[in-house]
Amino acid sequence: MKKRIGSLLLILALCFTLLPTAAFAAETMDTWDGTADTSWYDENETKFHLKTAKQLAGMAKLINDDRANFKDKTIYLENDLDLGGHEWISIGDGANTAGGSFQGVFDGQSHVVYNLYSHEGLKSESKDNNNNLYRNGLFGSIYNATVKNLGIENADIVIPMKDESTYGKGILVDWMTDSTINNCYTTGSITGGSYIEKYIGGIAGFLNGNNSISQCYSTAAITGNYAGEYYAEQEGGLEPLDCWDSLGGIVGASYTGQVTISDCWFGGEIVVNSIQAPVGGIIGFGKGVSMVNCLVATKGIDNDGLGNTCWLGYVIDTDAKNCFWPADDRYGSNVSNEENGNSAGTATNDFNSDDVLTGLNTNAAEGIEWVAGIKHPTFAWDDNNILADYTAVNEAIAAAEKFDKTLYSNYADVEAAINAVDRTKSKAEQAEVDAMAQAIEKAINALVRKSSGGDDSDPTYAIEVGKDIRNGTVTANRRYAERGDTVTITVTPDKGYTLETLTVTDKNGKEVKLTEKNGKYTFTTVSYTHLTLPTKR
């Protein structure tokens, strides 16, 4: 007779009480329909809470129509937003002046803006907010402002080939004057046009005046461009060497003030495609720039053939220290440090070494914590680049390895589930990792013994603890049990919570006897396949 591995499922909906009561916020996503809503704005208020993409687009319209600048005001983003499928009109259309710029504080509260899309550029010279007026980033222009705690994922920005504007093009901010950006990141791509001085950056395009960027990263693909046929069509023409880009993983360029870029990293790629272009993993071209405790964790950085690429940045009259970059002699670290014989930091072939992580934490600014990441160190809040928790996968594999596979006719299904495990997933992909563990456990539960001629009818039950437990933890003392085995459940409420009652029933609603001693609950397995543990008040 065949013997099947059964399933003893502990679905725990335990009743915990808390004094005082706590609230739990659910993650939500709002998808943009392409319209702008300004009805939320009241000029007498100083704090605003944006919940929809329409409201964010309304913020752009208010600034671009010169109806508001949000000076001394704070904007809070309350939800993740999806901008996919609609041309974005940047927030602010100014440059190095207060006019047409965001001047307040924008706090993303760790939310993410997905699918930022900008391809059309200038449509007309009229300021009617139906065109981008040479702006492409989420923010077109910020002045005396702060942008923080915000992620942009899967950006798709293409600067039109006949965009005759110059200077800043960035995924988060195009033009930044006397402002601060911290705790932000970008992914996706930004591709330059064909005109001069595009100054393209993964976070910000051009920095004017005194600025600070800290605890930010980008994994974007940054591409400069040049179309010689376009210049030949222009009246008077342009000499080829007048046509150049400046490409940086974090910042395109800055040379008009004092700038600090600290505790930042770049892990994307930079493709030049330009006649000439200063290029750097942190900043393209810079003067008066301080780079501190930064990491360039990619070798995918191109050059223009004229020697204008440096791992950190083509920067002069500047200072770089405590930084890390690839041990690749194609490029130097930066211009100023090497001319002065000073060290900008360390070139390395192993970004996951203890020395790199220790060095970053030793020199990190106050309140910034670097942790081990999938390919290199990153910030403690960066779920996208920190390895997921594989504990459940490892436990499932360990359980599978305890079986003698020669005794089961379908053990190959277990091996297939184990071989399908992908160990490169991030914390943001934890659900996928949990599904891998469940796939292994499901294959174990479905095992069928080869016939031995005897009575093998008693099943072995796989014991699983429910995943949706809040305000406490629940553990079982064993992963598998046969009929008559004793299973012990340990319930540990979080601080401030208490367990009121606990009832065990089988799939038919029949109560199973529980024995409690010193906070532990035991029961004896019988021939049912599912258990629920609901609670009663």
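Predicted model: local features only at pLDDT ≥ 70, side-chain atom pairs only at ≥ 80, totals over all residues.
**Exercise 1.** Work out how the Trp40 and Phe70 pair is arranged and what parts of the chain the pair ties together.

*Solution.* Step one: take the geometry. The centres lie 6.1 Å apart, with 20° between the planes. Planes under 30 degrees apart count as stacked, so this pair is stacked.
Step two: place the residues. Trp40 sits in the loop between β3 and β4, and Phe70 in the loop between α1 and β5, so the pair ties together parts 30 residues apart in sequence.
Step three: check burial. Both Trp40 and Phe70 are buried.

**Exercise 2.** Now treat Tyr217 and Trp381 likewise: is each of them buried or partly exposed?

*Solution.* Step one: this pair is also stacked, at 6.2 Å centre to centre and 25° between the planes.
Step two: Tyr217 belongs to strand β17, Trp381 to the loop between β34 and α5, and 164 residues separate them.
Step three: Tyr217 has a relative accessible area of 1% and is buried, whereas Trp381, at 30%, is partly exposed.

**Exercise 3.** Follow Trp381 to the second largest pocket and describe the lining.

*Solution.* Step one: the pocket holds about 370 Å³ of space.
Step two: 17 residues line it, and Trp381 is among the closest to its centre, along with Ser110, Val112, Tyr185 and Asp383.
Step three: β7, β10 and β13 each supply at least two lining residues.
Step four: sorted by class, the lining has six nonpolar, six polar and five charged residues.

Key. Residues numbered from 1 in each chain as written. Heavy atoms only, no water. 1 Å grid on protein atoms, 1.4 Å probe; cavity = no way out; pocket = protein on both sides within 12 Å on 5 of 7 lines; lining within 4 Å. Points joined across faces, edges and corners; volume = space filled by probe spheres on them. Helix = DSSP H or I, 4+ residues; strand = E, 2+ residues; numbered from the N terminus. Nonpolar A, V, L, I, M, F, W, Y, C, P; charged D, E, K, R; others polar. Phe/Tyr/Trp six-rings, centres within 6.5 Å; stacked < 30°, edge-to-face > 60°. Buried < 20%, exposed > 50% of the residue type's maximum accessible area, 1.4 Å probe, protein only.
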